[in-house]
Amino acid sequence: MRLFHKRTISLLIGLTALGPTLTGCGIFGTGRGRGGGSYSSNARDNYERGLAELKAKSWAEAVRYFQFTRSKFSFSKWATLAELRLADAELGREHHSEAVEAYRTFIKDHPTHEMTQNGYAAYKIGEAFYEQIPGQWFLVPPGYEKDQGPAGDALRELQGFIAEYPDSPYVPEAKKRIDKCVRRLADHELYVAHFYLNRNKPAAAIGRLEALLREYPKSSIEPKVLLLLAQTYLKQSKPMEAQKVLERLVADYPDDYHAKKAKLFLGHIARRYGT
């Protein structure tokens, strides 16, 4: 009997010593995240803790809370929101392909959800592509000289988003990013045109400049492009084509300083060719 009591007491002492460890494993409590944050027995609490980590840019911690919410409370609305926030976390840590896939899956699986209906998930797909556009850094060639695939993808997605969700609250921000995409793509086409001009290939340059004006109308660099196109036509002995372009520049951008130069060229064409 004494031996039994001694063993029982030893067992209780051992369990007491292991208490915190067992609680952390979820036997006596809801557990703790691997990063130290405790999980709650309430779905909303876990979701909101994940949101706090997301705002703090603690991506790994946010992911743990959202994954816990999805797995432990799979039939709650918080699980659905956690699925969306997992995509946000992937975007935050610059896992762009994973983020795009997660947003597309969310839209497919939850077509009537508020965050699908208001265009949030679709807008974030465009943002994921936008963030892949090469940046500007003084030690490397300008961003417009690099591959512009991400800019084209971002433009396509953002334009598609606006077409499908014209009343979305995210439309104004999407339009700003569209303008930046257009500028980047237009800058790239202008760079290529200069590349051809520097290699004495004016016909190829004209083709790029005409394509730029056609594909990216009313871009912020259009006056510069119109003047360069007119000058290139003149070098090709095509005064009539140059005149049309210069007249368009003066009519569309009368207050731009490129228009002042255009008027000088028009005067030159009139005197030389009698037009």
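The axes of α4, residues 77-92, and α7, residues 120-130, come within 11 Å and cross at roughly 15°. Axes here are lines fitted to C-alpha atoms, for helices over the stretch in contact, and angles run from 0 to 180 degrees between N-to-C directions. When I say helix, I mean a DSSP run of H or I with at least four residues; a strand is a run of E with at least two, and both are numbered from the N terminus.

The α4 and α7 crossing is left-handed, meaning that the near helix is turned anticlockwise from the far one by less than a right angle, with clockwise being right-handed. On the α4 side you have Leu84, Arg85, Asp88 and Leu91, and they meet Tyr120, Ala121, Lys124, Glu127 and Ala128 in α7. Contact means heavy atoms within 4.5 Å. By class, this contact of α4 with α7 has five nonpolar, no polar and four charged residues. For the classes, Ala, Val, Leu, Ile, Met, Phe, Trp, Tyr, Cys and Pro count as nonpolar, Asp, Glu, Lys and Arg as charged, and the others, Gly among them, as polar.

A word on what you're looking at: this is a predicted model, where local features need pLDDT of at least 70, side-chain atom pairs count only at pLDDT 80 or more, and totals for chains, interfaces and linings use all residues. Residues are numbered from 1 along each chain as its sequence is written, and side-chain values use heavy atoms, with hydrogens and water left out.

Now stay on α4 and turn to its contact with α5, residues 96-109: these axes come within 7 Å and cross at roughly 160°. That makes α4 and α5 roughly antiparallel to each other, and this crossing is left-handed too. From α4, the contact is made by Thr80, Glu83, Leu84, Ala87, Asp88, Glu90 and Leu91, and from α5 by His96, Glu98, Ala99, Ala102, Tyr103, Thr105, Phe106 and Asp109. Those residues divide into seven nonpolar, three polar and five charged.

Back to α7 for a moment. How many of its residues are buried? The count is 11 of 11, so to speak mostly covered, where buried means under 20% relative accessible area, exposed over 50%, and partly exposed in between, with a 1.4 Å probe and protein chains only. The buried residues include Lys124 and Glu127, both of which also take part in the contact with α4. What covers α7 includes α4, α5, α6 (114-117), α8 (149-164) and α9 (171-198).

Next, α3, residues 59-72. At 1.5 Å a residue, its 14 residues should span 20 Å, and its end C-alpha atoms are 20 Å apart, which agrees; the expected span is 1.5 Å times one less than the number of residues. Buried in α3 are Glu61, Ala62, Val63, Tyr65, Phe66, Phe68 and Thr69, and their cover includes α2 (43-55) and α4.

Is Tyr233 buried or exposed? Buried, at 8% relative accessibility. Leaving aside neighbours within four places in sequence, Tyr233 is in contact with Ile206, Glu210, Lys238, Glu241, Ala242 and Val245. Tyr233 and Val245 are 12 residues apart in sequence and 9.3 Å apart C-alpha to C-alpha.

Lys224 is also in α11, but partly exposed, at 38%. Not counting residues up to four places away, Lys224 touches Leu190 and His258.

Zooming out, the protein has 13 helices and zero strands, and 43% of its 275 residues count as buried.

Methods:
Angles under 35 degrees count as roughly parallel, over 145 as roughly antiparallel, 65 to 115 as roughly perpendicular and the rest as oblique.
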